[in-house]
Amino acid sequence: MHDCRKDAGVGEGSDTERDDEAVRRFIERFALNLTEAGMARMPARVFAAVLVAEDGRQTAAELADLLQVSQAAISGAVRYLTQLRLVSREREPGERVDHFRVSSDTWYEAVTRRDQMIARWEQDLQEGIKAVGPDTPAGARLEETRAFFEFLRDEIPEVMARWRKQRLADPAR
């Protein structure tokens with residue numbers, strides 16, 4: 001029988017031995033945190049499982065085995081994660097099995113894409129301010145929210161540039 005835990009990097013030897021149970025606890029704990037932040041539970045579990053794989057990729061069968069769920073559950077979760085661009089689908093030449101991969105730049109890319117969404121939110125909030133009136137309590141709340149998003153959008157490029165500089169200075173980190 002094929003041991004998907006090995007493919008998941010669970011129990012695989014390297015510079016330090018991985019602890020199967022600790023890895024599973026991490027997957028569930030990190031998935032819970034992602035769920036509390038708004039991600040659906042199964043996609044959060046799948047994302048965490050792919051994230052901890054030694055090579056950053058898993059097949060649906062490996063994920064189903066590791067998470068003890070059906071491949072149908074994995075399929076729905078992967079569809080959601082690919083739409084968010086948190087994982088990508090790839091296939092080796094000559095293989096029939098898809099692998100789902102997390103890149104090392106996943107968070108960088110996700111935050112960078114948020115910039116466009118934040119700009120749309122700002123525009124929507126501006127329309128809301130006009131609709132309720134800028135001098136009303138609701139208008140003041142909407143303006144505070146719009147100003148926060150404007151601040152965040154202005155700061156993101158500088159933060160991302162500092163991150164790129166840090167990564168170039170210390171790529172092993």
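Here is a short tour of the model, stop by stop, with what to select at each one.

**Before you click**

You're looking at a predicted model, where local features need pLDDT of at least 70, side-chain atom pairs count only at pLDDT 80 or more, and totals for chains, interfaces and linings use all residues. Residues are numbered from 1 along each chain as its sequence is written, and side-chain values use heavy atoms, with hydrogens and water left out.

**Stop 1: the whole chain**

Show everything as a cartoon. Helices here are DSSP runs of H or I with at least four residues, strands are runs of E with at least two, and both are numbered from the N terminus. Along the sequence they come in the pattern α-α-α-β-α-α-β-β-α-α.

Of the protein's 173 residues, 31% count as buried; that label means under 20% relative accessible area, with exposed over 50% and partly exposed in between (1.4 Å probe, protein chains only). Look at contacts too, meaning heavy atoms within 4.5 Å. Among those with a separation of 6 or more, 52% come from residues 24 or more positions apart.

**Stop 2: the sheet**

Now select the strands. They form an open sheet of three, in the order β1-β3-β2, with antiparallel pairing. β1 and β2 (88-90) are the edge strands, each pairing on one side only. On average, neighbouring strands of this sheet are turned by 35° against each other, direction ignored; the axes are lines fitted to C-alpha atoms (for helices, over the stretch in contact), with angles from 0 to 180 degrees between N-to-C directions.

Zoom in on β1 and β3 (residues 99-101), which pair in the antiparallel sense over three bridges. Pairing requires DSSP to find at least two bridges between two strands. Pick Gln58 and you'll find its bridge partner, Phe100, in β3.

**Stop 3: Arg57**

Stay in β1 (residues 57-59) and select Arg57. Is Arg57 buried or exposed? Arg57 is buried, because its relative accessible area is 13%, below the 20% limit.

Arg57 makes a polar contact with the side chain of Glu90 at 3.1 Å, and another of 3.4 Å joins the side chains of Arg57 and His99. A polar contact is a pair of N or O atoms within 3.5 Å; within protein, one must be able to donate a hydrogen and the other to accept it, and residues adjacent in sequence count only if both atoms are side-chain atoms. Leaving aside residues up to four places away in sequence, Arg57 also touches others, including Val50, Glu62 and Arg101.

**Stop 4: Arg89**

Hop over to β2 and select Arg89. This arginine counts as partly exposed, because its relative accessibility is 48%. Its side chain joins that of Asp98 in a polar contact of 3.1 Å. Draw a distance from the C-alpha of Arg89 to that of Thr59: 9.4 Å, for residues 30 apart along the chain.

**Stop 5: helix α6**

Finish with residues 106-132, helix α6: 27 residues reaching 38 Å from first C-alpha to last, close to the 39 Å expected at 1.5 Å a residue. That expected span is 1.5 Å times one less than the number of residues.

Where is the kink in α6 centred? Go to Asp115, where the kink is about 25°; the bend at a residue is the angle between axes fitted to the seven residues ending there and the seven starting there. Buried positions in α6 include Met117, Ile118 and Leu125, and the helix's buried residues pack against α3 (41-52) and α7 (137-169).
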